[in-house]
Amino acid sequence: MAIMPMSEFDRFLIMFDRMFDFVETYIHKTPDDKYEWIPIDGPGVSFGDRLENITIRGLYVHLTSSEDGFTRSLIMTEDGGEMPLPINPELTNKLYDGDFVALGREVHENCMEMLREGMTPENLSKTVWFQGGEYSGMGFLWAMYAHYAYHLGNIDTYMRQGDMNPTAFFNFPQSEMA
């Protein structure tokens with residue numbers, strides 16, 4: 001099947017959804033007793049300044065709450081504005097206290113809907129600032145994708161260290177890409 005021409009935004013929506021699905025396959029392959037497992041604990045283990053609980057569950061919760069915060073902020077931030085850090089203690093606690101995998105799927109689907117409805121041509125082309133970086137709206141969406149890929153690598157490393165057989169990259173659940 002040939003991939004039909006599409007807009008960059010439409011391509012992003014497909015690729016981002018596939019990345020979420022891929023991360024979710026890793027989470028489903030993780031045994032329950034490994035969600036809070038830390039292979040090496042020490043001051044050198046850090047995946048960023050804002051991530052305190054560096055476990056597989058912690059990384060997934062971080063991705064979920066960040067996706068929600070980034071999506072909402074990107075849509076709401078005015079052209080030339082600064083996007084806030086995607087910190088939402090209420091959502092983070094809800095994820096930790098509940099079925100974090102099912103809630104993560106629910107948050108992702110809601111974010112995808114918000115993106116489809118809220119990322120107008122003006123929002124895609126506006127300029128936003130985040131952590132000292134200047135992005136177009138579309139460029140920041142690809143930064144969100146990169147954020148998922150970065151932490152997928154962290155989860156993959158944990159799974160390999162814990163003999164959990166992660167899925168080989170590029171074996172996405174759906175073969176049709178963008």
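**Aromatic pairs**

1. A search of the whole structure finds 13 aromatic pairs, where rings of Phe, Tyr and Trp (its six-membered ring) pair if their centres lie within 6.5 Å, planes under 30 degrees apart counting as stacked, over 60 as edge-to-face and the rest as tilted. This is a predicted model, in which local features need pLDDT of at least 70 and side-chain atom pairs count only at pLDDT 80 or more, while totals for chains, interfaces and linings use all residues. Residues are numbered from 1 along each chain as its sequence is written, and side-chain values use heavy atoms, with hydrogens and water left out.

2. Phenylalanine 12 and tryptophan 142 form an edge-to-face pair, 5.2 Å centre to centre with 90° between the planes. Because phenylalanine 12 lies in helix 1 (residues 8–29) and tryptophan 142 in helix 6 (residues 137–161), the pair ties together parts that are 130 residues apart in sequence; helices (H or I, at least four residues) and strands (E, at least two) are DSSP runs, numbered from the N terminus.

3. Phenylalanine 12 is buried at a relative accessible area of 0%, whereas tryptophan 142 is partly exposed at 26% (buried means under 20% relative accessible area, exposed over 50%, partly exposed in between, with a 1.4 Å probe and protein chains only).

4. The rings of phenylalanine 130 and phenylalanine 140 have centres 5.6 Å apart and planes at 75°, so this pair is also edge-to-face. Phenylalanine 130 belongs to strand 2 (residues 127–130) and phenylalanine 140 to helix 6, 10 residues apart. Phenylalanine 130 is buried at 8% relative accessibility, and phenylalanine 140 is buried at 2%.

5. Ring pairs join Phe12, Phe16, Phe20, Trp142, Tyr145 and Tyr148 into a cluster.
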